[in-house]
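Here is a friendly walk through a two-chain model, meant to be read with the structure open beside you. Let's begin with a pair of packed helices.

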Amino acid sequence: MMPTATQMLAAVQLALREHVTPQIEDQWAQSALRSVDVILNHLQARVPAEGPMLHQDTSELVTLLTGAREALGGGDPALEAFLAEAPALLAGYASVEDLQAINHTGREAVDVLLRACHAQRGQAGVDAVHAGLRAYLLRHAERESGFFFPTYVGRPV
Amino acid sequence: MIDQQSLQAYFNAHMGGDVTVTKFKRTFPGISRETFLVWTEEGGAEGGYVFRTDALGGPICPVPLEYEYRIIAGLFPTAVPVAEPLWFDATPAITDGRPVMVRRMVDGSNDIPGLYDEGADAAARRQRIAFEHAERLAALHTLDLAATGFTDFVEMPASAAGCARDDFDRWMRIFEDVRTDPFPLVTEAAFWLEEHLPTSAPRVSLCKGNNGMGEEIWKDDRIVALSDWELAFAGDPAQDWALSQGMLTLGDAEQTLRHYEQAAGFAIDRASLDFYRVWEVWKAVPTLNNGLRPFLSGENPRVPRLNLGFGRVKLFEQLLGMMIGKPIDEAARIVAEWRKSPYRPENAAA
């Protein structure tokens, strides 16, 4: 059985903590090691979870953005590109890189829709779409929370 | 490559041949901009200079170095203590064209030894230090901006009532220009904050931006130079207190603010202060995310850019997600709790 990426990252981190960090006195080198330690924490949280997270998140975006287009109309290039490409991508085997790219496009479309909702707030149907978008944003933040919190709390450099 | 030989040639070219660079040191951390302390011998006397340039690929903060230089040059003749500005170079060879500014070195330190000692004497000292900082901010905030020339190049709100709106609009433009991700949650947080913009301010002041612990030069518990002006702007003085990095927790916050108000001659609206505490979290996203762009382009592929421009930004996004839609005073309390994290000087001291 191969060691997982997470186990290997943890081994790198342990080696640095046990044998390198205690030997370092220069403040630039200490700062570099702190930064590397934080990145290793981040990767240990992200590597095993990012693919499934992006698949789940992008699937929700397909439903959300399809409904938003029906309510508010289409035409935004990001929205159209996302809805044209995402369903097929999600149906097959998708690499993490492909999921990152399509999720990015979907969130671009969310951003455009949020601005449209803000400009048209109070109009029939708009507020419901806006509420759905906001609820998605909070779920998206919750899904990736473990990648960044509490990993990046602490000294920034 | 900045080394003693290149600094020697550079200072000779600017100051004449009678200058010898005896030593130099890069200051820590200096991730956005690189700062070097340069010691010289000039006709038998010792000299000291601070050489500051953009980091590779540009600064983190999306503000040109020349703007910071002009702020310092404008302040030098006033009662606000700053290091003497000597020259600005837009595209010098020593940095392969990255801009440089040079100031005279000030005798002091951004560190205050013993600040977090135990006991009543140390606590009283911390309060005095907070008062000292408050007095310097009051001097800054009461400057006549037209008479000192700042209205010529600093973006000015049309009125005191428009300070928050003006800052909001400026930073929304910056956010749209520099972001490396759609960040829709940050957009949504902006719309939430826009509903709560303060509509009054005591006056339009020159504000320092980042200020407080770690940002100023101290000697014998007095500020000898307010330093780091890259985020200076014209706006509501309450906003500077929202960015006063540990100063309001150094002593009693209300006592410190009252001391400031007495020196400045106007009051800080506590509700505005709450708003700006939350607004500064939002502003940190475009400010830091700008620093990721040279990382992504390969111009500056170093880990601090990654951690500040990506990880830290995503952390602030998470924080905005915790606050969005809440009353501003409740959101400000969340920020205050979060600010107690170990990276704050007062918590990192141990």
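In helix 4 of chain B, B:W171, B:I174, B:F175 and B:V178 meet B:K283, B:P286 and B:N289 of helix 9 of chain B; here, residues are in contact if their C-beta atoms, placed from the backbone, lie within 7 Å. The model is predicted, so to speak of local features a pLDDT of at least 70 is needed, side-chain atom pairs count only at pLDDT 80 or more, and totals for chains, interfaces and linings use all residues. Residues are numbered from 1 along each chain as its sequence is written, while chains are lettered from A and ligands numbered from 1 in the order in which they are written.

**Helix 4 and helix 9 of chain B**

- Helix 4 (residues 163-178) and helix 9 (residues 270-289) of chain B have axes that come within 9 Å and cross at roughly 40°; axes are lines fitted to C-alpha atoms, for helices over the stretch in contact, and angles run from 0 to 180 degrees between N-to-C directions.
- Helix 4 of chain B and helix 9 of chain B are therefore oblique to each other (under 35 degrees counts as roughly parallel, over 145 as roughly antiparallel, 65 to 115 as roughly perpendicular and the rest as oblique).
- The crossing of helix 4 of chain B and helix 9 of chain B is left-handed, meaning that the near helix is turned anticlockwise from the far one by less than a right angle, with clockwise being right-handed.
- Helices (H or I, at least four residues) and strands (E, at least two) are DSSP runs, numbered from the N terminus.

**The sheet of chain B**

- Chain B has an open sheet of 5 strands in the order 1-2-3-5-4, with antiparallel pairing; strands pair if DSSP finds at least two bridges between them.
- Strand 1 (19-26) and strand 4 (85-89) of chain B are at the edges with a single partner strand each, so one side of each is left without a neighbour in the sheet.
- From one strand to the next, the twist averages 25°.
- Strand 1 and strand 2 (residues 33-42) of chain B pair in the antiparallel sense over 7 bridges, and B:V21 stands opposite B:T40 in strand 2 of chain B.
- Helix 1 (residues 4-15) of chain B lies across strand 1, strand 2 and strand 4 of chain B, running at about 130° to strand 1 of chain B.

**A hairpin in chain B**

- Strand 7 (residues 216-219) and strand 8 (residues 222-226) of chain B run antiparallel and are joined by 4 bridges.
- B:E216 stands opposite B:L226 in strand 8 of chain B.
- The two strands form a hairpin with 2 residues between them, and B:D220 in the turn has a positive phi of about 50°.

- Chain A is divided into domain 1 (5-46) and domain 2 (50-145), with bounds from an automatic or database domain assignment.
- In chain A, helix 4 (residues 77-91) and helix 5 (residues 96-119) have axes that come within 9 Å and cross at roughly 145°.
- Between the chains, 25 residues of chain B are in contact with 30 residues of chain A.
- Helix 11 of chain B gives the largest share of the side of chain B that touches chain A, 12 residues.

Note on methods. Contact = placed C-beta atoms within 7 Å.
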